[in-house]
Amino acid sequence: MDFSEEQIERYSRHIILADVGPEGQEAIMNGKVLIIGVGGLGSPAAFYLAAAGVGTIGLIDGDIVDLTNLQRQIIHTTPDLNKAKVISAKEKIEKLNPDVNTIVYQKLITSENIIEIIKDYDFVIDGTDNFPTKFLINDACVFIQKPFSHGGILRFDGQTMTYTPGNACYRCVFNGPPPKDAVPSCSQAGILGSIAGILGTIQATEALKYLIGIGDLLTNRMLIFDALNMNFNTVKFKRNMDCPVCGDKPTIKELIDEEQAACDLN
Amino acid sequence: MYKLPETLKGEIDQYGTLIDKYQAGEIDLVKFKSVRVPMGIYEQRKDETYMVRIRCAAGYISPVQLKQVALIARKNDASLVHITTRQELQIQNVELDKTLLILHDLYDTGLASRGGGGNTVRNIMASVDAGVALDEVFDVTPYAVALTNKLIAEPDSWTLPRKFKISFSGHEKDNAYAAFNDLGFIARIKNGKRGFKVYIGGSLGAKALVGHVLFDFAPVDDIYYITDAVKQLFSRYGNRRNKHKARLRFIFYKLGKEKVFGLFYTIFNEIKQTRDLPFEIEKQEFPKVAQKLKPELFPSQEFETWKKRYVIRQMQDNLFSVIIPFEHGNIDCNQLLEIAEFIEQFGDDVIRFSMRQNIHLRNIPSQYLGNVYNFLNKLDIGIDEPFLLNSLVSCTGSDTCRLGICMAKGALSRIRKELGKNHLPLDNLNNLNINISGCPNSCGQHKAADLGFYGKVGRNDRMYPAYVIVAGAVVGDNESKLAEPVDEINARDLPEFTLDILKIYSTRMHKYNSFAEYLDVRGRNDISELCDKFRSVPDWVDDKNYYFDWGADQIFSLVGKGIGECSAGIFDMIDVDMNTIRKYQDEIKHTKDISTINELLYGIVFSASRMLLVTRGVEPKNTNEVFDGFIKQFIEVNLISNDYRKIVEFARDDKSFNFKDEKDTIYGLATAVIELYDGMDDSLQFDIPDDVKQKDISKIKPFYEPVLKKDYRGVVCPMNFVKTKIDLATLKSGDILEVLLDDGEPIDNVPGSVKMEGHKIIKQNKIDNYWSVIIEKR
């Protein structure tokens with residue numbers, strides 16, 4: 001255990017915690033987390049993980065910051081307009097915590113590159129805004145047995161679950177992307193900005209718990225909340241033996257990119 | 001018969017140099033001992049008195065050599081020669097200077113003591129009747145000797161983690177205890193080829209074990225490969241740090257049989273592929289003896305009875321073996337000389353030492369049995385007595401052994417006397433093995449006995465000598481089984497008990513094939529019923545005899561004992577108090593009556609105070625001595641925190657004190673004592689550096705020697721706690737951390753927070769305006 005005096009102070013409130021302690025902080029500092037999508041969910045997640053001292057944070061996003069993002073994507077600021085999101089985020093992380101090694105991928109994640117990118121990380125956070133990518137992340141993580149946190153938000157609602165090898169995956173619950181007409185059209189879509197903050201920080205918390213090895217992850221259950229009434233519920237489920245990707249006789253054996261229009265919600 | 005290695009001469013000279021250096025004070029006792037013991041030279045219980053153990057491979061010695069041993073002993077003022085249970089000879093009661101002369105003389109006689117002790121390849125045993133037994137598979141003697149020749153010429157045979165015992169049995173009855181040795185061979189023939197069934201990891205010692213079968217059949221050409229591989233396995237994986245867990249079998253306890261076998265095969269295969277280890281067997285040819293003796297005939301009843309008891313027919317026509325018994329295996333050197341000179345007339349191959357510490361004289365033509373009888377009769381060694389009386393085996397016991405609890409030899413003599421004066425049909429019990437050990441270590445081989453005893457401490461208000469009765473061992477390939485504890489008996493009544501149980505057995509033995517079988521069917525019951533008769537031990541005032549061991553002139557006590565490696569008797573005593581503490585704590589949970597609780601708490605203080613006194617050689621005679629002894633031996637030397645002094649003093653001074661208010665302190669005391677006990681090693685030492693053992697209390701360091709010390713004065717809350725946590729994270733469980741903290745908020749908060757996380761605050765002391773806090777990591 002080799003903390004500098006500055007680190008001892010910086011992380012003292014972690015170290016004080018009985019369940020974290022120096023050992024837990026060391027685990028965090030040795031951890032590698034990949035955030036896919038540096039938008040509404042990725043922003044708060046990246047901030048908290050950086051603050052916590054996660055050793056390596058990977059950021060992947062192909063977009064640039066535009067004005068509509070700033071209502072909720074809090075890692076980006078007005079001077080960042082037209083800057084690549086990953087660069088913008090990297091700058092903030094480095095200012096917040098120089099201990100963190102930030103690796104950026106300024107591109108879209110696809111069936112071609114996903115395995116190569118996620119394989120070196122301990123944990124993946126899905127902060128994407130469209131169903132095809134969410135299923136792609138799920139399938140890739142199941143294929144190479146990589147734990148990840150799924151998250152989704154819309155209007156005043158959010159949902160999240162955590163996959164770890166051997167437990168239910170996203171496809172166990174949702175067989176595949178919804179039909180096109182079931183996806184909200186752009187005019188129907190909207191999001192209260194702070195909802196992204198609530199969900200992204202839950203995802204960051206799952207990543208930290210996983211790195212430290214404490215508590216119960218959101219495995220085999222989905223946390224669903226409705227912020228209008230402020231109701232939080234968890235729905236339990238089990239691994240589906242007939243799941244096309246993680247079931248006993250899987251039918252999906254390779255990764256594909258599914259086409260789907262998406263509104264830029266996150 | 002074995003060949004002395006070329007290196008031996010030089011090693012003896014080197015030993016001589018070390019004696020000089022030791023006596024000149026140039027090397028210390030420990031260093032000298034580390035050379036002396038592997039040379040086969042032990043210090044006896046009496047300081048500055050030594051014995052020299054002579055290797056007798058396969059239990060063989062020639063009459064010429066035997067004569068020389070007697071002469072060497074006599075020349076060096078060592079009157080006593082002893083036969084060991086590993087078929088060797090020992091010259092006893094030797095002064096240190098003389099040991100060197102003895103080694104030189106032995107060398108000239110073709111005998112060596114190297115490997116008699118220490119972490120070495122010990123004497124290699126063989127069936128006492130190898131080469132002559134009617135039912136043997138083949139003669140294993142040449143193999144035992146050839147293996148000895150190989151091993152004693154290899155330097156790494158003297159630097160093993162612990163002793164390494166090897167034995168050869170000529171038939172599946174396994175009368176050389178192959179299954180109870182580190183490495184054991186039992187002769188077999190498969191498809192017309194000679195070989196051995198091979199056992200590994202057996203032992204009769206503490207944590208005894210029947211060996212595992214390593215090979216069901218290994219051809220004779222392989223035994224040197226096997227032995228070498230086992231030796232390497234032992235050398236590589238044996239525990240060299242803790243000698244109490246160092247024997248080969250502990251590798252099995254630690255890694256499990258499959259893994260150890262795997263490691264063995266790896267080494268074995270490698271040796272077989274890469275090395276050529278020739279193993280030549282020389283069948284030693286002994287010259288034919290032209291008997292010049294005139295046969296003496298004794299057509300008497302006594303002679304016939306003796307023949308039945310002590311004479312065994314050999315496979316060779318007209319030849320017989322004669323057992324010459326010695327009580328405790330002891331022979332006066334003059335008598336030994338006489339015997340050697342007599343035996344010499346029958347040739348070179350006439351002597352084997354038995355594991356029952358007797359001489360087996362072999363190859364005696366039938367016409368000379370009368371001469372032998374006549375000769376032995378004059379020696380007055382009890383050859384007119386039933387064999388059983390002469391085949392009782394005991395270890396040396398606590399009169400000369402530093403480890404013993406009870407005086408096994410005294411008990412054996414008494415049992416012998418008791419059995420002898422009665423009219424038991426002892427000749428029917430010829431095959432019975434009765435063995436006695438003074439402590440749970442099985443030097444008296446009680447674990448291989450039909451009926452065995454080992455010493456323990458009995459306790460009522462005082463201590464008295466007692467024995468655990470073990471019985472039912474089975475020896476033999478495929479069926480070996482260790483004797484199991486059946487009951488307990490005080491030492492005083494042991495002889496009478498032995499007589500009674502043999503009486504009962506002799507009326508019932510016709511129904512059973514063996515004592516073990518009898519034991520299973522009804523022996524256990526019989527023993528327990530008999531023990532009930534002897535269960536109550538009279539109070540000291542009524543009969544003091546029960547408090548003296550057999551052959552002792554002082555009251556039974558453990559003072560001066562237990563500083564050796566086995567202290568089982570002491571552990572018995574400690575357990576009494578520890579169990580009391582636990583029992584009382586349990587009772588307190590279930591009672592609300594305040595006066596009962598107070599009494600129980602007082603009892604806990606008492607037991608906690610008394611529990612470890614025995615380890616300091618203190619035997620209190622009254623309660624005051626218990627408390628005062630505890631304060632002096634444990635609190636004042638900082639083995640136990642001074643925080644507990646008050647409560648012990650209250651218990652001493654005022655039994656009616658309201659102990660309930662101090663329950664936490666009392667429990668803390670009990671825990672501290674038990675933890676101290678847990679940290680005690682088998683030689684009853686606590687984990688204290690040597691310099692702490694000095695008498696001067698002012699120099700004694702605290703028992704809890706911190707592994708890490710940190711000064712967090714001037715560090716504010718909660719950073720002092722954060723740093724303490726980080727320090728603890730770098731330590732191992734049980735390690736001690738000392739931190740210095742400021743008075744006020746830091747001392748009010750940090751110890752409590754540390755405790756909340758499961759660590760233990762051993763103590764906190766105020767020094768000027770700051771605090772020292774001693775923390776034990778959970």
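**Exercise 1. How many residue pairs are in polar contact across the interface of chain A and chain B?**

Solution. Across this interface the rule finds 4 residue pairs in polar contact, both residues at pLDDT 80 or more. A polar contact here is a pair of N or O atoms within 3.5 Å; within protein, one must be able to donate a hydrogen and the other to accept it, and residues adjacent in sequence count only if both atoms are side-chain atoms.

Next, see which parts of chain A supply that side: helix H1 (5-10), helix H2 (12-16) and helix H3 (21-29) of chain A each give two or more residues. Helices (H or I, at least four residues) and strands (E, at least two) are DSSP runs, numbered from the N terminus. H2(A) gives the largest share, 4 residues. By class, the side of chain A that touches chain B has 8 nonpolar, 2 polar and 4 charged residues. For the classes, Ala, Val, Leu, Ile, Met, Phe, Trp, Tyr, Cys and Pro count as nonpolar, Asp, Glu, Lys and Arg as charged, and the others, Gly among them, as polar.

A quick note on the source: this is a predicted model, where local features need pLDDT of at least 70, side-chain atom pairs count only at pLDDT 80 or more, and totals for chains, interfaces and linings use all residues. Residues are numbered from 1 along each chain as its sequence is written, chains are lettered from A in the order in which they are written, and side-chain values use heavy atoms, with hydrogens and water left out.

**Exercise 2. Which residues form the salt bridge between Lys723(B) and chain A, and how far apart are the closest N and O atoms?**

Solution. Start with the rule: a side-chain nitrogen of Lys or Arg within 4 Å of a carboxyl oxygen of Asp or Glu. The count between the two chains is 1. Lys723(B) pairs with Glu5(A), and the closest N and O atoms are 2.7 Å apart.

**Exercise 3. How are H9(B) and H11(B) oriented to each other?**

Solution. Take the axes of helix H9 (residues 301-310) and helix H11 (residues 369-379) of chain B: they come within 11 Å and cross at roughly 100 degrees. Axes are lines fitted to C-alpha atoms, for helices over the stretch in contact, and angles run from 0 to 180 degrees between N-to-C directions. Angles under 35 degrees count as roughly parallel, over 145 as roughly antiparallel, 65 to 115 as roughly perpendicular and the rest as oblique. So H9(B) and H11(B) are roughly perpendicular.
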